[in-house]
Amino acid sequence: MPATPIPTIETERLVMRGHRLEDFEEGFAMWSDPTVVRFISGKPSTREEMWSRLLRYVGHWELLGYGFWVVREKATGRLVGEVGLGDFRREMQPALPKAPEAGWVLAPGFQGKGYATEAVRAALAWADARLSPERVVCIISPENAASIRVAEKSGFRQFGQGVYLGHPSLMFERLAPVKAGA
């Protein structure tokens with residue numbers, strides 16, 4: 001499904017759209033914040049790493065037909081975070097099943113307000129309608145209780161444990177919703 005135009009999704013409080021060059025500085029500020037990355041990589045991103053991330057986001061849409069969105073607050077236009085689906089080909093043990101991998105990250109000041117769940121549910125609804133994946137997976141640090149709650153509220157259930165980059169990771173999956181008449 002290459003070269004899919006990146007859709008804009010609106011929820012009650014959020015606008016989710018494709019990444020643009022002008023998102024770089026705000027994205028860098030978020031990804032270089034130690035509190036944001038403490039359960040993801042544990043290491044704040046450099047400008048070079050943020051640039052690679054931005055290119056990876058755009059490349060996902062171009063090559064796979066899905067990817068990550070910039071999430072902005074509708075009322076203010078402020079960066080809330082990033083949410084989406086990826087194929088990261090992670091070298092983890094055991095390996096994740098072949099499936100789109102959901103991910104989400106929120107900027108400080110927007111956590112604990114239900115924004116992550118709102119955006120993840122919108123991304124999954126889009127995926128269900130456009131991609132019809134049999135399953136969607138995600139990995140979460142066992143210490144990240146807030147992300148575990150977001151995953152569970154979004155229909156994910158833990159199915160395993162693994163190790164990624166030397167750190168324990170919980171493995172979650174969300175099976176395709178049952179379609180009416182099926």
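Biologist: Which residues lie nearest the centre of the largest pocket, and how many line it?

Modeller: The largest pocket has a lining of 48 residues, and W31, F39, I40, S41 and W104 lie nearest its centre. Keep in mind that this is a predicted model. Several elements give two or more residues to that lining, among them α3 (47-64), β6, α4 (115-130) and β9 (167-175). The space in the largest pocket comes to about 1,500 Å³. By class, its lining has 22 nonpolar, 14 polar and twelve charged residues.

Biologist: What does the second largest pocket look like in the same terms, by volume and lining?

Modeller: Its volume is about 190 Å³. The second largest pocket is lined by 13 residues, and D87, R89, R90, L96 and P97 lie nearest its centre. That lining divides into seven nonpolar, one polar and five charged residues.

Biologist: β6 was named in the lining of the largest pocket. Is strand β6 buried or exposed?

Modeller: Start with the general idea: side chains in a regular strand alternate between the two faces of the sheet. In this structure, E101, G103 and V105 are on one side of β6, with A102, W104 and L106 on the other, and all are buried. Buried here means under 20% relative accessible area. Because six of the six residues of β6 (residues 101-106) are buried, the strand is largely enclosed by the rest of the structure.

Biologist: In which sense do β4 and β6 pair, and over how many bridges?

Modeller: Strand β4 (residues 79-86) pairs with β6 in the antiparallel sense, over six bridges. As one case, E82 has V105 of β6 as its bridge partner.

Biologist: How should I read the backbone angles, and which peptide bond is cis?

Modeller: Most residues other than glycine have a negative phi, and most peptide bonds are trans. Here the bond from Q93 to P94 is cis, with omega near -15°. P94 sits in the loop between β5 (92-93) and β6.

Biologist: What is the phi of R89, and what is that of L165?

Modeller: R89 is not a glycine, yet its phi is positive, about 50°. R89 belongs to the loop between β4 and β5, and it is exposed, with a relative accessible area of 66%. L165, also a residue other than glycine, has a positive phi near 55°. L165 lies in the loop between β8 (157-164) and β9 and is exposed, at 64% relative accessible area.

Biologist: Which residues does the UniProt domain annotation cover?

Modeller: The unreviewed UniProt entry annotates residues 14-176 as "domain: N-acetyltransferase". Over that range the chain is 34% helix and 30% strand, and the end C-alpha atoms are 24 Å apart.

Terms used. Residues are numbered from 1 along each chain as its sequence is written. This is a predicted model: local features need pLDDT of at least 70, side-chain atom pairs count only at pLDDT 80 or more; totals for chains, interfaces and linings use all residues. Side-chain values use heavy atoms; hydrogens and water are left out. Buried means under 20% relative accessible area, exposed over 50%, partly exposed in between (1.4 Å probe, protein chains only). Helices (H or I, at least four residues) and strands (E, at least two) are DSSP runs, numbered from the N terminus. Two strands pair if DSSP finds at least two bridges between them. UniProt positions are given in the numbering used here, feature names are shortened, and annotations may be inferred rather than shown by experiment. On a 1 Å grid over the protein atoms alone, a cavity is a set of points where a 1.4 Å probe fits but cannot get out, and a pocket is an open set with protein on both sides within 12 Å along at least five of seven lines; lining residues have an atom within 4 Å of a point. Grid points are joined across faces, edges and corners, and a volume is the space filled by probe spheres set on the points. Ala, Val, Leu, Ile, Met, Phe, Trp, Tyr, Cys and Pro count as nonpolar, Asp, Glu, Lys and Arg as charged, and the others, Gly among them, as polar.
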